[in-house]
Amino acid sequence: MGPMTTESPPAVAPGALWRRAASERVFKWLTLLMALSVIALIFIIGCELARGSQPALRKFGWRFLAGTDWDPVNEQFGALPFIFGTLVSSVIALVIAVPLSIGTALYLTELAPQWLRPALTLFIELLAAVPSVILGLWGIFIMVPWLREHLFSWLRGALGFVPLFQGPIYGVSMLAGGIIIAIMILPIITSVSREVLRSVPGLQREAAYALGATRWEVTRIAVLSYAKRGLFGAVILGLGRALGETMAVTMVIGNRPEIAASLFAPGYTLASVVANEFTETPPSVHLEALFEIGLVLLGITLLVNALARLLLAAFSRPALSPS
Amino acid sequence: MQAVTCACALLVLLPLALVFYQVLKSGIGALNWAFFTQLPKPVGEAGGGMANAIVGTIELLGLAALLGVPVGVCGGLFLSEYGYPRLNWWVRFAADVLNGVPSIIWGMVVCALVVVPMKGFSAWAGGIVLGFIMIPLIMRATEEVLRLVPHGYREAALALGIPLWRAILQIVARTALKGIVTGILLALARVAGETAPLLFTAFGNRYWNHHLSEPIAALPLQIFNYAISPYEDSHRQAWAGALVLLLMVAIINITVRALTRERPGNGGCD
């Protein structure tokens with residue numbers, strides 16, 4: 001059936017015209033409905049979590065966010081250790097991943113030989129495709145033992161005067177969680193930064209070279225500062241991923257709801273506690289508290305992602321923003 | 001500076017190399033025929049396989065595609081072909097934000113929406129949760145590809161008197177078909193490795209799934225359960241499972257490269 005076989009010959013009966021208009025409208029509304037489904041999904045997620053956590057929300061109020069005890073047996077529910085764990089592990093991840101990713105993106109767009117660029121990009125995309133659970137498996141059996149035997153004891157020896165690097169070494173720890181998250185967010189920050197850097201106009205660079213700038217000055221002044229906002233968007237996008245990362249972190253962070261100064265101590269994140277406790281919990285205050293944990297996590301990630309998207313949109317196509 | 005950024009790139013690639021090396025090394029040693037044909041043995045016993053998990057993952061992906069592909073592709077058609085700048089901006093924004101929702105939260109929501117009313121974990125719930133995750137991915141990918149179809153195609157079709165909706169389906173979408181398929185495959189590869197949302201929906205199963213309203217096994221779930229179990233033989237199988245899953249994901253990704261490499265010449269993809 002080719003494009004030429006239309007149902008409307010030049011002289012049309014009124015019925016056919018009507019049919020044609022109707023099918024036109026049906027198709028448009030159908031696709032509109034599908035497009036609107038993403039907006040509906042956001043509302044569904046928010047409503048379901050709010051509904052599930054309603055009684056706990058009313059019972060604990062703001063104390064939930066500030067409480068440090070998580071003791072399901074005695075019905076004590078405080079989310080602070082999890083919020084702390086999520087934030088600290090994400091910050092560790094950003095500290096490691098941001099310089100590496102932006103450095104790599106710079107190498108890919110400015111410095112690497114042309115023949116190398118596609119291959120490098122492909123490998124970084126492959127890293128993004130490695131499922132979280134496989135990274136976790138590698139984390140448990142290869143990375144954590146190595147960290148325990150080598151990196152951690154070395155760190156304690158070299159930087160032991162800082163409280164961050166004191167205390168017993170178990171292997172599974174906040175730092176291990178942060179490192180595994182860093183590995184997971186490297187590809188996303190790298191590929192978004194690469195897009196951002198690629199969209200810096202070539203004229204920018206040429207102008208700086210014409211003024212006699214060195215390569216480093218061109219990169220710093222003409223490229224990096226031009227792309228500042230976009231790069232920041234990429235980093236925030238990575239942060240959004242880091243906050244919600246679940247499986248790999250659950251497998252290496254140690255899962256102990258404590259607030260410890262040492263990065264060698266085990267921690268716990270919002271996502272991990274849900275992963276570990278949600279299935280085994282019958283409908284109870286405990287389950288409602290877990291829903292509330294989900295609500296907190298959703299709130300944080302939505303804010304962070306919305307911010308990232310707005311930054312990136314403002315950087316790349318100002319014409320399409322709604323104002 | 002060349003050296004510093006090059007070192008950054010090497011450091012980024014290092015974990016990839018280490019993970020691939022380890023999965024290959026430990027996985028190949030643990031793979032055997034039984035792995036593909038047998039059910040898991042009772043906990044703690046050596047031997048057995050993951051046949052049910054491999055089939056389960058494929059079933060779940062099929063269910064997810066049934067939900068995610070039509071909704072995602074149609075939504076993408078709307079975004080690219082009908083111009084309501086403000087509405088489209090919001091839809092696009094919502095899709096991007098949804099892409100950032102942690103997958104564990106999808107699991108909780110679908111658990112409350114599907115598992116609780118159906119009174120049990122099921123393959124349906126697992127398929128639905130993966131389908132939901134696919135929707136925004138496919139929608140954005142489809143839109144991006146359709147925008148590359150030259151305007152002349154649409155104008156030529158309309159000038160011939162073809163209704164707009166058929167022009168969209170038969171001319172625009174068909175021209176970009178390869179790119180749309182690429183987007184769908186990448187979304188499938190992404191959800192194939194999802195574990196967190198399946199914990200409370202598909203749940204996992206040590207036996208064959210005989211009905212879609214029963215719990216179903218999935219490779220990522222099985223890998224997770226074996227990885228945190230105390231038995232040496234389970235660890236061996238976890239590596240084998242990781243190798244199979246990694247190969248599945250890699251094959252999809254490489255297929256996609258092959259699809260996009262040869263340019264169709266009409267702006268279909270890339």
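Me: In which loop of chain A is A:Glu75 placed?
Reply: The model is predicted: local features need pLDDT of at least 70, side-chain atom pairs count only at pLDDT 80 or more, and totals for chains, interfaces and linings use all residues. Residues are numbered from 1 along each chain as its sequence is written, while chains are lettered from A and ligands numbered from 1 in the order in which they are written. Helices (H or I, at least four residues) and strands (E, at least two) are DSSP runs, numbered from the N terminus. On that numbering, A:Glu75 falls in the loop between β1 (70-71) and β2 (76-77) of chain A.

Me: Does A:Glu75 count as buried or exposed?
Reply: A residue is buried if 20 or more other C-beta atoms, placed from the backbone, lie within 10 Å of its own, exposed if 12 or fewer, and partly exposed in between. A:Glu75 has 11 C-beta neighbours inside 10 Å, so it counts as exposed.

Me: What separation do the C-alpha atoms of A:Glu75 and A:Ala289 have?
Reply: Along the chain, A:Glu75 and A:Ala289 are 214 residues apart.

Me: What is the phi of A:Asn255?
Reply: A:Asn255 belongs to the loop between α10 (247-252) and α11 (270-277) of chain A. It has 20 C-beta neighbours inside 10 Å and therefore counts as buried. Its phi is positive although the residue is not glycine, at near 50°.

Me: What is the phi of B:Phe203?
Reply: B:Phe203 lies in the loop between α10 (196-199) and α11 of chain B. With 22 other C-beta atoms within 10 Å, B:Phe203 is buried. It is not a glycine, yet its phi is positive, at about 70°.

Me: How many residues of helix α11 (residues 219-227) of chain B are buried?
Reply: The buried residues of α11(B) include B:Leu219, B:Gln222, B:Asn225 and B:Tyr226. The helix is largely enclosed by the rest of the structure because its buried residues number nine of the nine.

Me: What share of the residues of chain B counts as buried?
Reply: Chain B has 12 helices and zero strands. Its C-alpha trace spans about 70 × 60 × 35 Å along its principal axes. Of its 270 residues, the share that counts as buried is 54%.

Me: Which helix gives the most to the side of chain B that touches chain A?
Reply: Two residues are in contact if their C-beta atoms, placed from the backbone, lie within 7 Å. The contact takes 77 residues from chain A and 73 residues from chain B. With 14 residues, the helix that gives the most to the chain B side is α1 (residues 2-30) of chain B.

Me: Which residues of α6(B) meet A:Ser37, A:Val38 and A:Leu41 in α1(A)?
Reply: Helix α1 (residues 14-60) of chain A packs against helix α6 (residues 123-146) of chain B at about 135°, with axes 10 Å apart. Axes are lines fitted to C-alpha atoms, for helices over the stretch in contact, and angles run from 0 to 180 degrees between N-to-C directions. The α6(B) residues that A:Ser37, A:Val38 and A:Leu41 meet are B:Phe132, B:Ile135, B:Pro136 and B:Met139.

Me: At what angle do helix α3 (residues 80-111) and helix α6 (residues 174-198) of chain A cross?
Reply: The axes of α3(A) and α6(A) come within 6 Å. The crossing angle is roughly 35°.

Me: Which residues of chain B does A:Ile134 touch?
Reply: A:Ile134 has contacts in chain B, where residues up to four places away in sequence are not counted. The residues it touches are B:Val19, B:Val23, B:Ala242, B:Leu245 and B:Leu246.
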